[in-house]
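User: I'm new to this one and would like a close look at a single part of it. Could you take me through the salt bridges and the strands around them?

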Amino acid sequence: GHVLTSDATGAGSWQAPGELTLPYDGTYSGAADAFSVSQTGANIYEAAEFRIENAGSTGEAIYARNIGTGDVIRGYHTGTTSGSVADFDIANSGNSSPVVDARTNGEGPAYYGETDGFYAVQVYSSYQSSNTHVVHAEFTGTGGYDATAVYGESVPADYYGYGGYFVGGYTGVAGEVLPTGSGHYYAVDGYVNGGSGTNTGVYGCASGDGLNRGIYGYAGGGATNWAGYFSGNVRVTGTFDNSLARSVIYHPLDPANKYLYHSFVESPDMMNMSNGNAVLDASGEAWVDLPEWFETLNRDFRYQLTCVGAFAPVYVADKVSGNRFRIAGGDPGMEISWQVTGIRQDKFAEENRTPVEEMKSGRERGKYMHPEAYGLPRTMSVDYDEHEEQRRQQARENASARPSRPATEEAEPDDD
C-alpha cells in the first residue's frame with residue numbers, strides 16, 4: 001500500500017501514494033525508453049494497459065512534446081483481438097474542445113495515423129448542434145499562400161481511388177469563398193488532366209420521383225450574370241428549353257468592340273431550311289439541286305420564289321424528288337431567289353416531336369419564368385423556391401458561430 005521513492009540525494013523512503021507529487025516532470029537522455037509500461041497478462045483492467053485520467057477542468061491529462069526528430073506519440077497494435085480497433089482510442093465528452101487538437105509550425109505532420117485495416121483515423125461526435133464539426137481543419141497563418149486546410153489523396157492504381165468521399169443528409173459537399181478582392185474565385189474547382197479516356201471536370205447526377213437537376217446554376221447581383229458559362233463547344237442530347245434563343249456574332253463593322261445579336265427563327269414544327277439563288281436558262285427554267293440528305297431527312301416541303309430585278313410568273317414546275325426541284329415560268333437569264341423548308345422525319349425527331357401546347361407541371365403551374373414581364377412579383381418565379389433555399393442556407397451558415405480553436409491554458413514553447 002506504499003510507494004518507495006527517493007529524494008535528490010538518492011535516499012529512499014516509503015510514502016503513501018497520496019503524498020506523491022503529480023504530474024511527473026523530468027528529463028531523460030538515455031538510449032532506452034524514458035518511461036515504459038507493458039501488460040502481458042490475460043486479465044486486462046478495463047481493456048487498457050495504462051490509464052491516465054484528469055478530473056480537473058483545466059490542463060492536459062497527457063502532454064507530450066518532442067524536440068528531436070522522432071515521433072511525439074507512436075502507437076502499435078499487433079494483437080488479434082482488442083478493446084479498440086485503433087492504436088489509440090481517444091474520446092471527449094465535453095461540448096467544445098476537440099477530440100484531437102493537432103498543431104504544427106514545421107514541415108512534418110502534427111498527427112500521423114497508420115494502419116493495416118480500414119481506417120487510419122476514425123473520429124465520432126454525437127453532440128447535437130449545427131456548430132458540430134466532427135473534423136475541423138483550419139489554417140491560421142497569414143500571407144500569400146495557397147495553404148490547404150484538408151488534403152486527401154488516394155491513388156492505389158490508375159482508375160481507382162477517391163481523394164475525398166462525403167455523404168450528407170442535405171448537402172454532400174459545400175464550397176464557400178468570401179472574396180474581398182477582384183480576382184477569380186472558385187467555390188468548387190474540378191480538374192482532370194491526362195490519360196487517353198474520357199475526362200470530366202464536374203459530373204452531376206440526380207434521380208428520384210420528383211424534379212431532378214443534374215446541375216443547377218444561379219447568378220445574380222452583378223453587372224453581368226451567367227448562370228452557366230461554357231468556354232468551348234456545348235452538346236445537349238436531350239431537349240433544350242429556353243426563353244429566348246439567340247446567336248452572338250462579332251459585329252462585322254467593329255468586331256473588336258461590338259457584338260451583333262440575332263434571334264433564332266421559331267416554329268411549332270421541327271423545321272429545316274435550304275435556300276439560294278438560281279439563274280433561269282434559255283427556256284426560262286432552272287433545276288435546283290438540294291443536299292443529298294435533304295429528302296431523306298425531311299418531308300412536307302414548302303416553297304418560296306422571288307424574282308430579282310424584274311417580274312415574271314415563276315412557279316415550281318416539279319416538286320422535290322431525288323433531292324432536286326424545277327423552277328419555270330420566267331425569262332431567260334432571270335435570277336430567282338428560292339427557299340425550301342421541310343419537317344424533320346428522322347427517327348429521333350419522330351419519337352421526340354415537340355409538343356406545341358403543353359400543361360405546366362405541378363410545381364411550375366401558376367408560376368412564370370419571367371414574372372416581371374407580366375407585372376408580377378419575383379415570388380411568382382418558377383425558381384423562386386430554389387433562390388430562397390439558397391438564401392436561407394446562406395443566412396443559416398452566417399448565423400452559425402464557427403467553432404474557434406481551443407485557447408491554451410499556458411503558452412506552448414516555440415519549436416523554432
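Analyst: By the rule used here (a side-chain nitrogen of Lys or Arg within 4 Å of a carboxyl oxygen of Asp or Glu), the count comes to nine salt bridges. As a bit of background, side chains of opposite charge can pair when their charged atoms come close.

Before going on, a word on where this comes from: the model is predicted, local features need pLDDT of at least 70, side-chain atom pairs count only at pLDDT 80 or more, and totals for chains, interfaces and linings use all residues. Residues are numbered from 1 along each chain as its sequence is written, and side-chain values use heavy atoms, with hydrogens and water left out.

Let's start with Arg-326. Its side chain meets that of Glu-285 in a salt bridge, at 3.1 Å from N to O.

Glu-285, at 27%, is partly exposed, and so is Asp-318, at 28%. The cut-offs are simple: buried means under 20% relative accessible area, exposed means over 50%, and partly exposed is in between, using a 1.4 Å probe and protein chains only.

Now for the strands that hold this group. Asp-318 stands opposite Arg-326 of strand 9, and strand 8 and strand 9 (residues 324-328) pair in the antiparallel sense over three bridges. Two strands are said to pair if DSSP finds at least two bridges between them. The sheet they belong to is an open one of three strands, in the order 6-9-8, with antiparallel pairing. Strand 6 (286-289) and strand 8 (315-318) are at the edges with a single partner strand each, so one side of each has no neighbour in the sheet. Neighbouring strands here are turned by 40° against each other on average, direction ignored; for such angles, axes are lines fitted to C-alpha atoms, for helices over the stretch in contact, and angles run from 0 to 180 degrees between N-to-C directions.

Next comes another salt bridge, between Arg-344 and Asp-346, whose closest N and O atoms are 2.9 Å apart. Arg-344 is partly exposed at 25% relative accessible area, and Asp-346 is partly exposed at 21%. There is also a network: salt bridges that share partners join Arg-299, Asp-300, Glu-350 and Arg-353.

Asp-300 turns up again when you look at Thr-341. Leaving aside neighbours within four places in sequence, Thr-341 is in contact (heavy atoms within 4.5 Å) with Met-271, Asn-272, Met-273, Asp-300, Phe-301 and Arg-302. Thr-341 lies in strand 10 (residues 335-344), and its relative accessible area of 8% means that it counts as buried.

Strand 7 and strand 10 pair over nine bridges in the antiparallel sense, and Thr-306 has Ser-337 in strand 10 as its bridge partner.

To place all this in the whole chain: the protein chain has three helices and 10 strands. From the N terminus on, the elements run β-β-β-β-β-β-α-β-β-β-β-α-α. Of its 416 residues, 9% count as buried. Among contacts with a separation of 6 or more, residues 24 or more positions apart account for 48%.

Note on methods. Helix = DSSP H or I, 4+ residues; strand = E, 2+ residues; numbered from the N terminus.
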